[in-house]
Amino acid sequence: MLSTEMSPARPPLVLAPLLAGLGVLSTCSWGGGAAERTNDSAPVPVTVAPAVQKDAPVSLRAIGNVTAYSTVSLKAQVEGRVARVYFAEGQEVKRGDLLFALDARPFEAALRQAEANLARDRAQAETARVEAGRFARLVKEGVVSQDEYDQAHARAASLEAAVVADQAAVESARIQVQYCSIASPIDGRIGEILVHEGNVVKANETFAVPQQELDEIRARLAGGELPVEAVRPAAEDHPVVGTLSFINNTVDTASGTVLLKAIFPNPNEELWPGQFVTVTLRLATRHDAVMIPSRAVQTGQDGKFVFVVQPDGTVASRPVSVGQTVGQEVVIEQGLAAGEQVVTEGQLRLAPGVRVQAKEEAV
């Protein structure tokens, strides 16, 4: 009886650890199946592009401020009433175009008076010259004294000097009349008009690069002109091309930069004074550089890398050394060879060894 009652109590003590063991074995078995399904899963769709070998510009990029090549503030050289304005604000004008006319009547009257004084003194000087000549003959004959001759000669010289002064006065008056017509000294666009008809006027309003780049810029400039591109925020695909024209002779101690200036023809007025633009100074051209789309480059804990599609259809993570950015592409200094395919879209789902379905990037 005792053996019959104790017999049923033993199996649970033995079976419990067996069931636990089975549970562990079962879990390990499903895990292995999950790993196999990952390897056999569908390829990840990605977009790829080849690493291309081509020429790449070596350049510097900075933010620049547009200024007018020539800015002229027109001021009257004489005081007078504005008789007429020949232009409108914002109008394009050419060099020599008449802009303002002042009331010239007072100046014309002064010119006539100066001319009359000149004519009078010329007549008197001629009379004095003739008289001095006559006295020179008479003093030799003893008819007049030496003192009388000297006085006649001095009077003639004085009137000759008066004639010279009158000629200067006439020229000055003529210039005053010319100042009444104000013309444009340059080709350009008119700004704000500060005076209008009837008003009385009285007589007498760039980009930087780091200083460590200065030596290379100067060396490159010595070999010829350096092209400069200016890009407006609203027109990034349409740069305006000019040439470097000026390097400042001092370094800004506050920012550690050097001021540069470039000249842009700007025939279509794409650049406007006061506007901020992105400026690229091209120093040279690097031949046969390996370049890829910049969006292919990823940043990890160990630095920059790209996913490269291997011949078996899987991807590998490849560390790269990235050089200069040129538009939407970057130069790869090390890590890639021309012709290798890199992933440009779809990197978030990738890991080394993952199989991919590659689609060429649209050009």
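**View 1. The second largest pocket of this predicted model holds about 610 Å³ of space.** A pocket is an open set of points on a 1 Å grid over the protein atoms alone, where a 1.4 Å probe fits, with protein on both sides within 12 Å along at least five of seven lines. Lining residues have an atom within 4 Å of a point. The volume is the space filled by probe spheres set on the points, which are joined across faces, edges and corners. Of the 19 lining residues, Arg-61, Val-231, Glu-236, Val-326 and Gly-327 are closest to the centre. Residues are numbered from 1 along each chain as its sequence is written.

View 2. Strands (E) are DSSP runs of at least two residues, numbered from the N terminus. E2 gives the largest share, 4 residues.

**View 3. Val-277 sits in strand E13 (residues 276-293).** Val-277 is buried, at 5% relative accessible area; buried means under 20% (1.4 Å probe, protein chains only). Beyond its neighbours within four places in sequence, Val-277 is in contact with residues including Ala-62, Ala-230 and Leu-271. Contact means heavy atoms within 4.5 Å. Glu-229 is 48 residues away along the chain, yet its C-alpha atom is separated from that of Val-277 by 9.5 Å.

Methods. This is a predicted model: local features need pLDDT of at least 70, side-chain atom pairs count only at pLDDT 80 or more; totals for chains, interfaces and linings use all residues. Side-chain values use heavy atoms; hydrogens and water are left out. Buried means under 20% relative accessible area, exposed over 50%, partly exposed in between (1.4 Å probe, protein chains only).
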